[in-house]
Amino acid sequence: MPRLRRGLIMTPVATTSVIPASRLHGQPNRPSQVTVGTVVWLSSELMFFAALFAAYFTIRAVSPELWALDTAKLNVPFATVNTTILVLSSVTCQWGVFAAEKGKVGRSGKIWQFREWGLREWFALTYVMGAIFVAGQALEYVELVHHGITLDSSGYGSTFYLATGFHGLHVIGGLIAFLLVIGRTFMARRFTHEQAISAIVVSYYWHFVDIVWVGLFLTIYALQ
Amino acid sequence: MKAEAWIIASVSVFLVIVTPIYWIASGDPTGTTALVMAALLGLLLTFFLAVVAKQIPARLEDRDDAEIAEGAGEYGFYPPWSWWPLWAALAFGAMILGAIFGWWLFAIATPFGAIALCGWVFEYYRGLYAH
C-alpha cells in the first residue's frame, strides 16, 4: 500500500517539469519561429534607420556650406580604427555561433587556446570589442562637443548625434543581449536548441547593427 | 520557402532597377534614400528566405500531396503565461520618460528594468522549468 501511494503522489510532480522537445531539440524541417520573428523585427529596424539616413541626406542637400564647415572637424582616422573593431567583432560573434551550432558551449582547452573556445568565450570577446566601440564613440562625442558640435548647435549636429546615437543605443542593446545569452547557458545545466537559437538570433542582430554602422561610416566619414 | 524567396526577390529586383532611375530623374535625396533602403530590405529578406529554403526540405505548405494530419504535433514553445513583459514595458516606459523629464527618473527606473528583463529572459530557466 505505501508503495502505491507514493507512486500516486510522485507522478504529477514528475510530469510538471518536462521541458518541451521544441526547446530541447527544435523542430527539424521547419524554420525556427524565433529566427523568422527576429528577421521581421530587423526589417522594421532597417526602415527605422532608413528614416535617419533620409534625414541626414535631406538636411545635407539644403545646407552644403554647413556640411563643409562641420565635417572638417571629424576625426576620420580614429573612426576608422573604431569601425574596424566593430567589424571584427562580427567575425568573433560568428565564430561563437559556429561553436553553438556544434553544441560547444564552453572552452575545452586553456583560455589562450582560442581554437578550443566555445560560445561563451567568443561572445565574451565580442562583448569586449563592442564595449570598446561604444567607449570610442563616447570619446569622439567629447572631442566634437569641444569643437562646438552639439545636438542643438546646427542641423549637422542634430543629424550626426541622432544617427550615431541611435546606432550606439543599438550596440548597447546588443551588449546586453550577449550577457543574457551567456547567462542562459549558465542558468541551465544542459546546452539546448533554444540557447543555440538565442545565440543565432543575437548574432543576426549584431551583424545587422554592424552593417548599419558600415553604412553610417560611409555616409558620415567617407562621403561626408 | 522557395515561393516566398522568389516573391520578395522580384520586389527587390524592381527596387534595384527603379532606384537609379528615380535618382537621375528627380535628384531627390530623401526619396532615393528611402528607395535604397527599401531595396536593401528586399535583399535582406530574399537572402534569409533563400538560405532557410536551402537548409530545410519542402514544408507541408510547399507540397501538393501533404495531408492535414502531417502537420500535427508540437510547433514550438509558447509561454503559457508571463507577467514579465508588462513589468518590463512599464520600467522601460519610465526610463524613456526619464530621458524627457529628468535623468533622476531614468536612474530610478533602470534597476526595475534590469530586474524585469532578467525575469523575462530567465523565466523558463528557473523553478519548475529548471533544466
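**View 1. Buried area between chain B and chain A.** In this predicted model, about 3,200 Å² is buried between chain B and chain A, and carbon and sulfur atoms give 70% of that area. B:Met37, B:Tyr125 and B:His131 supply 24% of the area that chain B buries against chain A, more than any other three residues. The contact takes 38 residues from chain A and 32 residues from chain B.

**View 2. The salt bridge between B:Glu61 and A:Arg30.** One salt bridge is found across the interface of chain B and chain A. B:Glu61 pairs with A:Arg30 in a salt bridge whose closest N and O atoms are 3.3 Å apart. Between chain B and chain A, eleven residue pairs are in polar contact, with both residues at pLDDT 80 or more.

**View 3. Helices on the side of chain B that touches chain A.** Two helices of chain B, α2 (29-55) and α4 (103-121), each supply at least two residues of the side that touches chain A. The most comes from α2(B), which gives twelve residues to this side of chain B. By residue class, the side of chain B that touches chain A divides into 24 nonpolar, four polar and four charged residues.

**View 4. The two assigned domains of chain B.** The domain assignment of chain B gives domain 1 as residues 1-56 and domain 2 as residues 84-122. The C-alpha centres of domain 1 and domain 2 of chain B are 37 Å apart.

Conventions:
Residues are numbered from 1 along each chain as its sequence is written. Chains are lettered from A and ligands numbered from 1 in the order in which they are written. This is a predicted model: local features need pLDDT of at least 70, side-chain atom pairs count only at pLDDT 80 or more; totals for chains, interfaces and linings use all residues. Side-chain values use heavy atoms; hydrogens and water are left out. Domain bounds come from an automatic or database domain assignment. Contact means heavy atoms within 4.5 Å. Buried area is the accessible area (1.4 Å probe) that two parts lose on being put together, summed over both. A salt bridge is a side-chain nitrogen of Lys or Arg within 4 Å of a carboxyl oxygen of Asp or Glu. A polar contact is a pair of N or O atoms within 3.5 Å; within protein, one must be able to donate a hydrogen and the other to accept it, and residues adjacent in sequence count only if both atoms are side-chain atoms. Helices (H or I, at least four residues) and strands (E, at least two) are DSSP runs, numbered from the N terminus. Ala, Val, Leu, Ile, Met, Phe, Trp, Tyr, Cys and Pro count as nonpolar, Asp, Glu, Lys and Arg as charged, and the others, Gly among them, as polar.
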